[in-house]
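Please look at the sequence and the structure first.

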Amino acid sequence: MTQMSFLDPVQDGSVNWEPSRQAAHARLQYFLPKAGAHYTRRRNFDLGPSDRGGVSALSPWLRYRVLCEEDVVRSVLDQHTMSSAEKFLQEVFWRGYFKGWLEHRPDVWTRYKTRLVELAAQLDKNCSLTKDCESAVQGKTGIACFDAWAKELVEHGYLHNHARMWFASIWIFTLKLPWELGADFFLRHLLDGDPASNTCSWRWVGGLHTQGKTYLARADNIETFTDGRFHPYGDLALEATALDDGDLPPPRALKPPQTVPSEGRIGLILTEDDCSPESLPLQSVPSAVLVMRSSTERSIWPTSDDVKAFVSGAVTEAASQAEAFFSSSTDICDHDDWEAAIKEWVSAHQLDTIVTPRLPVGPVRKRLLTALKGVDEPVIEVTRRYDEIVWPHTKKGFFALKKKIPSIVEQLQRN
């Protein structure tokens with residue numbers, strides 16, 4: 001794998017992602033004038049890694065909340081009307097939709113992870129499946145566009161959203177490989193790899209998210225929206241029969257927002273899932289901050305070095321922000337024993353309450369909550385206002401949230 005160079009965030013339409021707030025805001029400022037008509041016209045065109053000028057390319061920073069969705073929405077509406085920026089705003093809210101949907105149905109994530117373990121056992125025994133999967137992830141299937149995207153993903157840690165859809169469709173319906181293995185390949189290599197967005201998107205392509213509704217990659221569509229770079233006529237499946245993995249679990253009620261106590265010594269724990277500590281709804285200044293920087297694996301197979309480097313940089317940035325904003329003692333945990341680190345930190349700072357940003361469904365949540373079982377102090381998860389407003393509208397399909405976007409934006413702009 002080529003080690004990524006975290007340099008200038010904007011460079012003639014290409015993007016070199018640096019895991020810093022400065023780079024995130026530089027890219028946002030570059031994109032803002034394009035968030036209206038330009039984005040609407042060009043957003044579906046995948047012109048390759050040297051030209052990302054048609055899309056925001058903000059997703060790696062949004063994933064770890066180096067940038068927060070609420071701030072992006074406000075910045076866009078400072079320069080555009082709701083109607084002119086509608087397509088881009090919808091894309092921002094798709095992220096919140098998938099996040100909230102999986103919060104309502106955490107069993108879907110559990111089912112996916114269980115299935116990966118089962119598939120790992122199959123790969124040990126099934127030489128044909130192993131060979132086909134290796135050909136796919138190494139970009140050696142003979143389908144030129146698919147192979148190029150597989151190599152691009154590994155090299156750059158990013159794919160255009162349209163390419164992700166085409167790739168997933170070809171993986172499922174042309175190559176007939178288990179969707180979970182494709183989703184895992186993405187999650188391990190995408191800089192913006194998110195348990196909710198990634199899992200739900202693959203399920204959507206396969207006809208599992210909106211049950212029975214699939215996405216079929218078509219040669220003419222690929223030719224048009226890659227500007228003629230690829231023309232896979234005769235290479236792709238011509239039909240897409242929906243996958244079936246049983247009935248969807250009914251949506252669970254969301255855990256209500258919790259309030260941080262105004263008295264006692266409060267300790268704030270930060271992880272890669274939220275790297276903007278200064279905008280958390282804490283109500284009081286923490287006495288101490290602990291930043292968990294040691295890498296959390298996303299899979300039973302290794303996460304890419306580029307992803308680990310980006311995450312480490314984002315979390316380091318969060319530590320600096322916390323120290324500057326709160327003027328509190330800030331410690332960084334670089335080792336894998338989170339339980340021991342937390343116990344030592346709680347004791348050293350004589351903490352009464354532990355606070356963390358709301359932990360969304362995924363590997364970080366599981367790891368941190370497991371570590372926190374070893375402490376006696378109460379643990380409070382604080383929910384950002386954006387999630388508190390958006391998630392109640394994510395029980396069903398995206399349309400239920402889409403029709404609420406104008407009123408949600410109005411709420412976000414009130415203060």
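A disulfide is a pair of cysteine sulfur atoms within 2.5 Å. The structure, a predicted model, holds 0 disulfides. For cysteine 133, the nearest cysteine sulfur belongs to cysteine 127 and is 12 Å away. Cysteine 133 is buried, with a relative accessible area of 10% (buried means under 20%, with a 1.4 Å probe and protein chains only). Cysteine 333 is in no disulfide either, and the nearest cysteine sulfur, that of cysteine 275, is 15 Å away. Cysteine 333 is buried as well, at 3% relative accessible area.

A pocket is an open set of points on a 1 Å grid over the protein atoms alone, where a 1.4 Å probe fits, with protein on both sides within 12 Å along at least five of seven lines; lining residues have an atom within 4 Å of a point. A volume is the space filled by probe spheres set on the points.

| Pocket | Volume |
|---|---|
| Largest pocket | about 1,300 Å³ |
| Second largest pocket | about 640 Å³ |

The largest pocket is lined by 47 residues, and Glu91 and Trp94 are among those nearest its centre. Helix 5 gives the most to this lining, with 9 residues. The second largest pocket is lined by 28 residues, with Trp109 and Arg365 among the closest to its centre.

Residues are numbered from 1 along each chain as its sequence is written. Local features need pLDDT of at least 70, side-chain atom pairs count only at pLDDT 80 or more, and totals for chains, interfaces and linings use all residues, while side-chain values use heavy atoms, without hydrogens and water.

How values were computed:
Buried < 20%, exposed > 50% of the residue type's maximum accessible area, 1.4 Å probe, protein only. Helix = DSSP H or I, 4+ residues; strand = E, 2+ residues; numbered from the N terminus.
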